[in-house]
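Q: I'm new to this one, so please pick a single part and take me through it slowly. Spell out any terms and cut-offs as you go.

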Amino acid sequence: MEISYNPSIGLQSHQSLIIATIVTLLPLLLAVRSLLFRRPHKPNVSPPAPSAGKEETKQATPSCSCNGTSGSEAFLNGDKAAPAEEDMVTADVSKVAAERQSGASMMEQLVPEITTHALSYLDYPSLCRLSMTNSLMRKAANDDNAWKALYHKDFTLEQDSITPVNGWKAYYAATRAIMNVNTEFFNIIRNRSLTAMSCFWLNADYVKCVHASGEHFSGYNAVIQSWQLAFNWEQGVDFQVRDVRARVLTDMAWVTMKTFVDMDSGPFNMTNIFECHHGRWYLVHHHSSVMLLADADMEHQIVHG
């Protein structure tokens, strides 16, 4: 506030005006000082003159800057703000806290196709861990298209046209479970454990096993005896398994693959068929046959031709 007076007029004639002005400005200066250096409170002073009060109030009340930065920065840094500004800051902080609690992030602004494409670069354990971070990530990690892409990356593209009853995530989990069971089959052969092989097969009369020698065995007892002979007469075999393909239904699954005893020799074509009983997969059919040399040459021509 600017006060002007005429120097030519004597000081004594305006003494009462000067005193009144000082008395009016002093409480306002004290109020401004209290706003700047400590938490504001309502001063117990008499209201200022109308004209001077309007100007001083405009000067004393902090306002938001025109570049979009509000007083929330000062509040978060430990500085104090005016009462009206504190309400705005509190609202901003509450909004930020609500967004953090709801898991809001840039993921919400992405197109679903972009999110699915980004998640397709994750492997199975990483996608599972991501789903446990927060509700937003759980929703993104449970997207059916993401699991379909992961299935095609880890297993096969042959089943692109099917529509799993319980979704691609459940189908992926079922396929991985069958893959693990199939791997256990080869571990039993490597360890030549007849006890483990006996528990691996379903105890039923309709189970069948065809070994690479061409011998055919039907029924649980005959099948287990065939494996006993194989373990007694053969050394431990370390199969190299390639081109594994699985198809999983509700209570039945089958796995096809090529196995090599020696990578320089021809592979074996193998098929394992499983049935699910009481939540556990059992082997009910095994077929192994030596790939004919003509078939191997034809495959070589197709691959390298």
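A: Let's start at R176, which is partly exposed, with a relative accessible area of 25%. On that scale, buried means under 20% relative accessible area, exposed means over 50%, and partly exposed is anything in between (1.4 Å probe, protein chains only). Before going on, keep in mind that this is a predicted model, where local features need pLDDT of at least 70 and side-chain atom pairs count only at pLDDT 80 or more, while totals for chains, interfaces and linings use all residues. Residues are numbered from 1 along each chain as its sequence is written, and side-chain values use heavy atoms, with hydrogens and water left out.

So what does R176 do? It forms a salt bridge with D154, and the closest N and O atoms are 3.7 Å apart. R176 sits in helix α9 and D154 in helix α8, so this pair ties together parts that are 22 residues apart in sequence. D154 counts as partly exposed, at 31% relative accessibility. Salt bridge here means a side-chain nitrogen of Lys or Arg within 4 Å of a carboxyl oxygen of Asp or Glu. In general, side chains of opposite charge can pair when their charged atoms come close. Helices (H or I, at least four residues) and strands (E, at least two) are DSSP runs, numbered from the N terminus.

A search of the whole structure turns up 3 salt bridges, so let's visit the others.

K148 pairs with D160, again with 3.7 Å between the closest N and O atoms. K148 belongs to helix α8 (residues 144-154) and D160 to the loop between α8 and α9, so the bridge links parts 12 residues apart in sequence. K148 is partly exposed at 24%, and D160 is partly exposed at 40%.

Then there's R245, whose side chain meets that of E158 in a salt bridge (3.4 Å, N to O). R245 is in strand β3 (residues 240-248), while E158 is in the loop between α8 and α9, so the parts they tie together are 87 residues apart in sequence. R245 is partly exposed, with a relative accessible area of 29%, whereas E158 counts as exposed at 58%.

Back to helix α9, which spans residues 167-191 and also holds N182. Setting aside neighbours within four places in sequence, N182 is in contact with V255, M257, N272 and F274; contact means heavy atoms within 4.5 Å.

Moving on from helix α9, you reach R192, in the loop between α9 and α10 (194-200). R192 has a positive phi of about 50° although it isn't a glycine, and it is partly exposed at 38%. You'll find H278 in the loop between β5 (268-277) and β6 (280-290), where it is exposed, with a relative accessible area of 88%.
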